[in-house]
Amino acid sequence: MATISETLRLNDAFSSVYKRYLGYTEEAQASTSGLMSTIKNLASAYLGFQGVKKMVELSDATTSITARLDMMNDGLQTTAELNDMIFQSAQRSRGSYLETANLVTQLGSMAGDAFSSSQEIVAFAELLNKQLVISGANGASASAAIFQLQQALASGVLRGEELNSVLEQARVITQTIADYLGVSIGELRELGSQGAITADVVKNAMFAAADETNAKFAEMPMTWSQVFTTFGNYAIQALQPLLSVLSWLANNIEIIGPLVLA
């Protein structure tokens with residue numbers, strides 16, 4: 001049986017160990033809290049940096065589009081008016097403003113001779129966007145079809161690999177051309193090999209089917225992806241003043257650079 005003095009010594013020993021345990025626990029909690037705080041700060045900084053990076057990239061994209069619109073604009077409207085026409089066209093066709101604007105500028109620079117005006121290019125791009133929605137083409141498929149169609153319009157003839165790609169990626173477009181010419185898809189391939197599907201044929205076929213395209217497009221249900229795309233278009237328009245300021249800063253870096261460093 002332990003004596004009173006032995007019991008007191010054991011109590012003192014346990015008390016000392018417990019106090020040290022509490023000290024280690026408090027230190028661990030403090031270290032963990034500090035680590036978590038550091039991680040949160042780093043995460044916030046990273047997200048903030050990513051936000052700034054995205055905004056700068058968006059500014060670069062819109063600035064590039066405006067410059068290219070300046071070069072292709074036929075002068076029947078200001079560049080701002082042409083830009084607004086593209087925005088309204090993208091909204092009507094549930095397409096991305098940036099992608100539609102790029103399509104218009106590329107058609108204007110690569111295949112401008114196939115169209116009578118900048119306004120006609122915008123109208124063609126809108127019909128193309130709507131036909132892609134009707135065909136169900138999106139993402140890589142839509143991009144491939146648009147690229148091949150641009151190449152064909154630039155060269156003046158739709159045939160070979162370009163025709164095959166459009167047939168595979170967006171058959172509704174080639175069906176529109178076949179209907180305009182009054183031939184089957186098989187016969188259309190033959191005409192393509194003969195170089196008979198000219199840029200004028202492609203353009204006229206799209207515009208001849210405009211009423212039918214609009215009617216079919218109106219029957220297509222709105223998807224959430226399209227909803228977010230149209231909201232994104234509005235956001236770009238709303239951010240335009242800020243994007244313009246960022247573009248100005250980029251073009252006056254020799255002025256603001258020393259101020260930033262200071």
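In the predicted model, the crossing of helix 2 and helix 4 is right-handed. Helix 2 spans residues 79-92 and helix 4 spans residues 118-135, and the two pack at an angle of about 15° with their axes 9 Å apart. Because angles under 35 degrees count as roughly parallel, helix 2 and helix 4 are described as roughly parallel to each other. On the side of helix 2, the residues in contact are Leu82, Met85, Ile86, Ser89 and Arg92, and these meet Ser118, Gln119, Val122, Glu126 and Lys130 in helix 4. Sorted by class, this contact of helix 2 with helix 4 comprises four nonpolar, three polar and three charged residues.

A right-handed crossing is also found for helix 6 and helix 8, which comprise residues 160-169 and 185-193, respectively, and which pack at an angle of about 155° with their axes 10 Å apart. Since angles over 145 degrees count as roughly antiparallel, helix 6 and helix 8 are roughly antiparallel to each other. Helix 6 contributes Leu163, Asn164 and Leu167 to the contact, while helix 8 contributes Ile185, Leu188, Arg189 and Gly192. Four of the residues in the contact of helix 6 with helix 8 are nonpolar, two are polar and one is charged.

Helix 6 also packs against helix 5, which covers residues 140-155; the axes of helix 5 and helix 6 come within 9 Å and cross at roughly 150°. The crossing of helix 5 and helix 6 is left-handed. The contact is formed by Ser141, Ala144, Ala145, Gln148, Leu149, Gln151, Ala152 and Ser155 from helix 5, together with Glu161, Glu162, Ser165, Val166 and Gln169 from helix 6. In terms of class, the contact of helix 5 with helix 6 holds five nonpolar, six polar and two charged residues.

The elements that supply two or more residues to the lining are helix 4, helix 7 (171-181), helix 9 (199-208) and helix 10 (210-219). Helix 7 provides the largest share of the lining of the second largest pocket, with five residues. By class, the lining of the second largest pocket consists of six nonpolar, four polar and three charged residues.

Conventions: Residues are numbered from 1 along each chain as its sequence is written. This is a predicted model: local features need pLDDT of at least 70, side-chain atom pairs count only at pLDDT 80 or more; totals for chains, interfaces and linings use all residues. Side-chain values use heavy atoms; hydrogens and water are left out. Axes are lines fitted to C-alpha atoms, for helices over the stretch in contact, and angles run from 0 to 180 degrees between N-to-C directions. Helices (H or I, at least four residues) and strands (E, at least two) are DSSP runs, numbered from the N terminus. Angles under 35 degrees count as roughly parallel, over 145 as roughly antiparallel, 65 to 115 as roughly perpendicular and the rest as oblique. A crossing is left-handed if the near helix is turned anticlockwise from the far one by less than a right angle, and right-handed if clockwise. Contact means heavy atoms within 4.5 Å. Ala, Val, Leu, Ile, Met, Phe, Trp, Tyr, Cys and Pro count as nonpolar, Asp, Glu, Lys and Arg as charged, and the others, Gly among them, as polar.
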